[in-house]
Amino acid sequence: MKAAILRDRRSMVVEEIPTPKAGPGEIILKMKYTGICGSDLHLYSTGLLPPDTIMGHECSGVVAELGEGVEGWGIGEKAGLYGALYCGKCFWCMKGFTNLCREMGGIGIGDMPGGYAEYMRVFPSMLLKVPENVTLRDLAVMDPFATAYHAVRMSGFKVGDTALVMGAGPIGLCIIRHLRLAGARLVVATERVERRAQAAKEFGADVVLDAGDNVLNTLSDLTNDVGVDYVFECVGVPDTTQEAFNLVRRAGKVVLVGVCLEPATVQPVLWIIKEVSMQTTLGFTRAEFGDILDFMHKGVFKADSLVSETVSIDELPEAFERLLSPNTELKVLVEF
Ligand SMILES: [Zn+2]
Ligand SMILES: [Zn+2]
């Protein structure tokens, strides 16, 4: 089979490697789509993964082979994939927080080969049954909708609250949609790229500002001099971490969703004098993934609103390099 292998930092090659075989209790999935995640781009450029990793955790495909003892799945059946590995037994798993499992791991980040390959070995516990009307393309974008869903749920956001979403990449866009579903009174987004700014309006933002505009003044104008109740930080670079605290109202809440891999300079005194609270969020739970399937079954989310481009696996190394520089894409999928 063909696989895109990350040899080293910023060095990805597409090669023929042996197709995996299903061992006892395992399933082989034939990939149809794998989404390129912002975290993949971070890991690609920072070199934090072990050599020869096959990345890709936002996958959809069909069952191609069943290992000995696997029941409940048929060849050719489509499957949703929960790409986080969890034990199901630890303190956090028992409370439903499978995203915080003590033995936390994931496909495509060095623990198990991911979906930038034509076939992938998985365990049945990672798969979800998929309603007939949810397509393989929809399944490939469940990950950003689920990440955004978890972030909004963890934030405690309530009907009538107001929010600023910093950054309208795929996660920011999905947060805007969830805030609307949650009954937001005002959703403002900041985004520099015109295409993403346009998408932010389509996803439900009332106002979209350039991050270079005088955002604080505009938020004040839009809220009778109060400011927004929540700031969702979805950019994940050092500067925007402190900026989120500057932009939230007194006694408001900052939700850190963007994954910043570098040290950030912050000024705690500026948080303290506003009595700001903060919530960090990581991925989503297995149960929340099931909820997103249900939303998709009801037609609330469709892939087409989020996918801006598809590439072949042969084009993947070039696409990674292109997406690292400032770009106008929303979600890019590898199509097999
Ligand atoms: Zn992802
Ligand atoms: Zn666990």
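**Exercises on a predicted model**

This is a predicted model, and its second largest pocket is lined by L216, L219, S220, D225, V226, G227, N246, L247, V248, R249, R250 and K274.

**Exercise 1.** Describe how the zinc ion (ligand 2) is held, and name the geometry of its site.

*Solution.* First find the donors: the SG atoms of C87, C90, C93 and C101 coordinate the zinc ion, at 2.3 to 2.4 Å. Then read their spacing along the sequence, C-x2-C-x2-C-x7-C. Now check the angles. Four donors count as tetrahedral if all angles lie between 85 and 135 degrees; the angles here are 103 to 119°, so the site is tetrahedral.

**Exercise 2.** Decide whether C87 and C90 are buried, partly exposed or exposed.

*Solution.* Buried means under 20% relative accessible area, and exposed means over 50%. C87 has 24%, so this cysteine is partly exposed. C90 sits at 9%, so C90 is buried.

**Exercise 3.** Compare the span of helix α4 with what's expected, then say how covered the helix is.

*Solution.* α4 (residues 142–155) has 14 residues and reaches 20 Å from first C-alpha to last, close to the expected 20 Å. As for cover, 12 of its 14 residues are buried, including F145, Y149 and H150.

Terms used: Residues numbered from 1 in each chain as written. Chains lettered and ligands numbered in written order. Predicted model: local features only at pLDDT ≥ 70, side-chain atom pairs only at ≥ 80, totals over all residues. Heavy atoms only, no water. 1 Å grid on protein atoms, 1.4 Å probe; cavity = no way out; pocket = protein on both sides within 12 Å on 5 of 7 lines; lining within 4 Å. Helix = DSSP H or I, 4+ residues; strand = E, 2+ residues; numbered from the N terminus. Expected span 1.5 Å × (residues − 1). Buried < 20%, exposed > 50% of the residue type's maximum accessible area, 1.4 Å probe, protein only. Donors = N, O, S within 2.8 Å, 3.2 Å for Na, K, Ca; no water. Tetrahedral: all angles 85-135°; square planar, octahedral: opposite > 155°, others 65-115°.
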